[in-house]
Amino acid sequence: MLATSDPHSGNRVFISCVTTEFEDCTGPFKGFRTRIAKELRAADCEVKVQEDFRQTDEDTVEKLDLYIRRCAAVIHLVGRNPGAKAHPKAVAAYLDAVPDFLHAHPEVRAALGDFSDLTYTQWESFMALHHGIALRMYVTPEGKTTQAHHLDRLRLGRKYPSDKPIVEPADLAWTLIGDLRYIIPSIPLPKQRLSPPRFIHHAAEHFLGREPQLALLDEAWANGTNVLSIIAWGGVGKTALITEWVQTRFIEKQWKTDDGQPALDAYFDWTFYDQGTRSLADGTEARTGSVGDFFEQALAFFGDPDPNLPGKGRRLADLIRQQRSLIILDGLEPLQQPPGHPQAGRLLDPDLRDLLAALAVSNPGLCLITSRQALTDLHSLRRTVHTEHELEDLPVAIAIRLLRQLQIKGTDQELAEASEKFGCHALSLTLLGRYLCDAHDGDIRRLDRIDLQRADTLTREDRHRTAWRILETYEHWLATAQADGNPKTLAVLRLTGLFDRTATADCLAALRAKPAIPGLTDAICDMADDEWNILLKRLERAHLIKLCESPNPILSIPDQTWSIDVHPLIREYITKRLSEQQTKAFHFAHRRLFNHLQKITPDRPSLLADEIQHLYQAIVHGCHAGCFVHAFKDVYYRRIQNRNAWHATNKLGLVGADWSALSHFFTKPWTVLDSRLSLEIAQRVTRQAAFSLRASGQLAEAESVGALALKLAQQAPDERRSDIIAATQLSAVKLLLGKLNEAILNGEVAVALSANYQGKDIERLVSPRCTLANALFHGGNRPEAERGFADAERIEKVEFPVLGELQAYVFHLLILSEAERSAWKLVVNSSNSLSPLTRAAVEACCKSVEDRLNLRQRVDQQPIALVSKGLALMTLGQISLFRRVFDGATSSSDQPNSHGLWQATIVSCLRSSGQLQFVGEALTGAALASHLDGDHEGACADLEEAQSIAERGPMPLLLADVHLHRARLFGRIPADERSKKFPDIDPKAELREARRLIEKHGYWRRKEELEDAEAAAVHW
């Protein structure tokens, strides 16, 4: 439409700006004025700028006025530079011709003075003001400062800049066109072209912790970055990240900015790699689309009349650059040379290479790429218009939050350890969390039994991305990296499938040594160290492995110091492939590692913890190699445990590492043993596994393997009467689980079996009697319990004057039980007259136990085990607390910090022993110590931790103690103070829960203490 001759009546628009800043290629807003003019002309507007008409120094101002007075609007862009000052002759000529200039704005006229400081661009704005032309002003942040005086004078004429500063050229273009529609109604907003997003189904179920990366994408979109590459291994969260960004920044906002303007001109995305998202039902291997499909659909989308013509990459780039577009190309690695190739990372398709090169050079929008390896074609443009960001795995804190949202139960430390074990890898953690939640009630301790492929299969119906299929396509891609017929990349990755942890440099060196393992190390056997290190570095850059300095202090390998780690998903996948498809090489490699780890570990008694860890690792390889007898008898029993000294578990407290290693003797922990085990090895493995699992608080597993141990022992009783040990262990587990009747029954079985024992090991006679007596005591049958302990002590005295540490501990509980009840009654009532025992009687009980402990210490010449030391300290600590209660000691400056003593010595010692069942008991004692010190917050924290241990065991008897202790300790705090400081604690409710548990499990050892607390509760 042509402009009419009537003033202000056409579609004429004048763009007022400084060319060097808003147009020239060297300016910060290169091509901006041309972009605006193009958009306006497309809307049938007549657009001019200063350079569009002829002028001389003498008549420039006048000719500007002649054009501007007939415009519908003037777009005035105020930047850092005001531009050239108008020629004095031109100013004089104009003022002579227009003597009434700005007569309607006398304040502005006065502020301008003699007009000698005005630039041509500034004149244009005041001409619009004079003629009543719509003036649209947009100011850059720099212009707001450098041209403040100019803006102040315009404000005198009631002209104000747009609230939106000029920061991003394309966003401003949308704003300008939107503003002009109010003046020139015929100007339509450009129609957005939006391809249906293909990433909606990739949205993460729980998207957490990517705020810095989302900010990076925001910045790239705002600051004019042409191409941004997100690089990471599969499953780290590349696609989830861009999905979250597109959803929250565009889709949820209806593709508009905060002020209602279109956020972009066009959107198009494509995935070149199915990322494990193909239909699970159709069984096809097809990807979402080939590069040919991409160009055909993308060219058609952007308006190319014939997508089949040559030069597709350049043509598509030209079409994309005609507007501000967001282009997302996901999973580009199938179209790149894979790792191991001499040109790793280079794009295979020339059209795609042309497209990205063109967009990297010039792009008013953003091209966002995800891939598993860097795009080497664009490296020359780095730090300018192409940005590459390596997406790391989740931070540990975020990984913990993710597991919490997936309803996983466990301490922060356990969740942190699980997260680190799975590399803080988003997809692996999601897979782990869903499986544990559905199959194991969210218990993180079931981590040891997860089969990732099985978990992947069982949870697929709820997921669009399947981890195992990602790995299948990934292996196929890597298999093409066979430069010179040498598949070194896969060879290195396959070595990692032999480990359940970081592959240390010495182990890798053993595998690479001659002779080669056929089908496994042919490509890398005896490779030169420099070539090996270069290969590892290349694989690390490709995000296939993680390198770290070798942590093995035993063997020094100066030129081969790199250890290798991989994502657990890759590790399990490769392990399964090796064991099923290369069975012979799999067994041979594990045997070599088994022998190597034994060889590098000193062969002496009482090894250090680090040295023992290498032998535990050797057991894993020995089991995979089928060397079960050698692995158990020589490595586990003789070297790790130092035979009957049980060095690793009793002296070093390595119960977690112990059951972890023993699990490899099972095909399905903890119910199905490997069929290749002899009955003797099976019996010994199950008994020791039951002990280690019970010690670490995994009671359901301990019960399962304990029942298996008893079954095996009863099938073929040996001269050592393993059935006695198995029945005794099972009784102890049943007691912790609150199954008192079963605990008593198994204890009676153990005692009955011991009646036929003819050996010399008194422990097989003493231990079952103490275990049964302890179960009877907890069930409230004190007389029978006392007879059982007396019988055990009579047998023990044949060789030793008092019971051993563990048996003595449970006997001491019985001896001190009345003193304990008396102390607690004083705690809740604060009256000596209410105590069942006199101070003298309490002292007699305490002195009796102290004498027993001292006697044991004098005659025992063997190094004391950690748990024995911890239990002795806990018994002495309890005695100290009872005496303190009876002496009426309260918190004061002259009293020791007994809570600190408990935490620093007793609780700490029992933690080090790995005996979680006793840690819970120690924490209840520490809570009483805190309370007596006046530290109610400390008491609360101790009981909360004890409750966590009890609930997860599950240990219902310990849980009953926690509720009973909490009721008694917080019941004596004044109600007003308690409601302010501990609003979530209701002592009476705690007491009711304690009674419920005591009644449910027949835990009548606490009957009198419970009744004492209930009597006192009427005053709470």
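1. The largest nonpolar core has 198 residues, and Trp245, Leu498, Tyr616 and Phe665 touch the most other members. Such a core is a set of buried Ala, Val, Leu, Ile, Met, Phe, Trp, Tyr and Cys residues joined through side-chain atoms within 4.5 Å; buried means under 20% relative accessible area, with a 1.4 Å probe and protein chains only. Helix H35 (residues 805-829) supplies the largest share of this core, 13 residues. Helices (H or I, at least four residues) and strands (E, at least two) are DSSP runs, numbered from the N terminus.

2. The model is predicted: local features need pLDDT of at least 70, side-chain atom pairs count only at pLDDT 80 or more, and totals for chains, interfaces and linings use all residues. Residues are numbered from 1 along each chain as its sequence is written, and side-chain values use heavy atoms, without hydrogens and water.

3. Beyond four places in sequence, the contacts of Phe665 (heavy atoms within 4.5 Å) include Ile619, Cys623, Phe628 and Leu677.

4. Ile619 and Cys623 are among the buried residues of helix H25. Twelve of the 16 residues of H25 (residues 609-624) are buried, so this helix is largely enclosed by the rest of the structure. Its buried residues pack against helices H21, H24, H26, H27 and H28. Just after H25, Gly626 has a positive phi of about 85°.

5. In strand S9 (residues 366-371), six of six residues are buried. Strand S6 (residues 227-231) runs parallel to S9, joined by five bridges, with Ile230 partnered by Thr370. Strand S8 (residues 325-330) is also parallel to S9, through four bridges; here Leu329 partners Ile369. Pairing requires at least two DSSP bridges between two strands.

Conventions:
Buried means under 20% relative accessible area, exposed over 50%, partly exposed in between (1.4 Å probe, protein chains only).
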